[in-house]
Amino acid sequence: MGRSEFREGLERLILRVEAWSYADSDAGAGQPTELARALQSLASIAPNPALMAGVRRAQDALDDGLSAEALAAALYRVRTDLDAGMPQDSLPPSSGRRSPKRGRSPNRGRSP
């Protein structure tokens, strides 16, 4: 279970919430229960605590009876957080080599 599985689940859930927000009220009668299950499942595969907390905030929005738009906004924030973490996670591991410019600058901490 990794980021790709989490991303796929998040994207599917966002699409479901968007469809729910545009549907007639009768068509979405069972949606909150199904979405609550999907949110719980997504939280269980979150690749880090920050993303899990974001999914929990989306669950809180649903539990509080907020609109589908508010729920979608919470999920968009999770997606933004996931995207923000991607470049860092895709960097190759450090070889342990340091920059040739190590140590303090001789001018650091001096007043002009």
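**Salt bridges.** I began with a rule: I call it a salt bridge when a side-chain nitrogen of Lys or Arg lies within 4 Å of a carboxyl oxygen of Asp or Glu. I kept in mind that this is a predicted model, where local features need pLDDT of at least 70, side-chain atom pairs count only at pLDDT 80 or more, and totals for chains, interfaces and linings use all residues. Residues are numbered from 1 along each chain as its sequence is written, and side-chain values use heavy atoms, with hydrogens and water left out.

How many salt bridges does the rule give? I get 4 salt bridges. As a reminder to myself, side chains of opposite charge can pair when their charged atoms come close.

I looked up Arg7 and Glu11 and found their side chains joined in a salt bridge, at 3.6 Å from N to O. Both sit in helix H1 (residues 3-22), and because they are 4 residues apart, about one helical turn separates them. For exposure I call a residue buried under 20% relative accessible area, exposed over 50%, and partly exposed in between (1.4 Å probe, protein chains only). Arg7 is partly exposed at 22%, and Glu11 is partly exposed at 26%.

Glu11 also forms a salt bridge with Arg79, at 3.0 Å from N to O. This pair links distant parts of the chain, with Glu11 in helix H1 and Arg79 in helix H4 (residues 68-89), 68 residues apart. Arg79 is partly exposed, with a relative accessible area of 26%.

My next stop was Glu34, which has a salt bridge to Arg16 with the closest N and O atoms 3.5 Å apart. Glu34 lies in helix H2 and Arg16 in helix H1, so this pair ties together parts 18 residues apart in sequence. Glu34 is partly exposed at 38% relative accessibility, and Arg16 is partly exposed at 31%. Salt bridges with shared partners join Arg7, Glu11, Arg79 and Asp83 into one network.

**Helix H2.** Is Gln31 buried or exposed? Gln31 counts as buried, because its relative accessibility is 15%. Gln31 belongs to helix H2 (residues 31-44). Setting aside neighbours within four places in sequence, I find Gln31 in contact (heavy atoms within 4.5 Å) with Arg16 and Trp20.

Then I checked the length of H2. The expected span of a helix is 1.5 Å times one less than its number of residues. The 14 residues of H2 should therefore span 20 Å, and the end C-alpha atoms are 20 Å apart, which agrees.

The buried residues of H2 are Gln31, Leu35, Ala38, Leu39, Leu42 and Ala43. Seen down the axis of H2, these fall within an arc of 135 degrees (taken from the directions from the helix axis to the C-beta atoms), so they line one face of the helix. On the other side of H2, I noted Arg37, Gln40 and Ser44 as exposed.

**The core.** I define a nonpolar core as a set of buried Ala, Val, Leu, Ile, Met, Phe, Trp, Tyr and Cys residues joined through side-chain atoms within 4.5 Å. Which members of the largest nonpolar core touch the most other members? They are Phe6, Leu10, Leu39, Leu71 and Leu75, out of 24 residues. H1, H2, helix H3 (49-63) and H4 each supply at least two residues of this core, and H4 gives the most, with 7 residues. I followed up Leu75: not counting residues up to four places away in sequence, Leu75 touches Leu10, Leu13, Ile14, Val17, Leu39 and Ala58.

**Ala53.** I found Ala53 in helix H3, partly exposed at 30% relative accessibility. Ala53 and Val78 are 25 residues apart in sequence and 8.8 Å apart in space, C-alpha to C-alpha.

**The whole chain.** I count 4 helices and 0 strands, in the pattern α-α-α-α along the sequence. Of the 112 residues in the protein, 29% are buried. Among contacts with a separation of 6 or more, 67% come from residues 24 or more positions apart.
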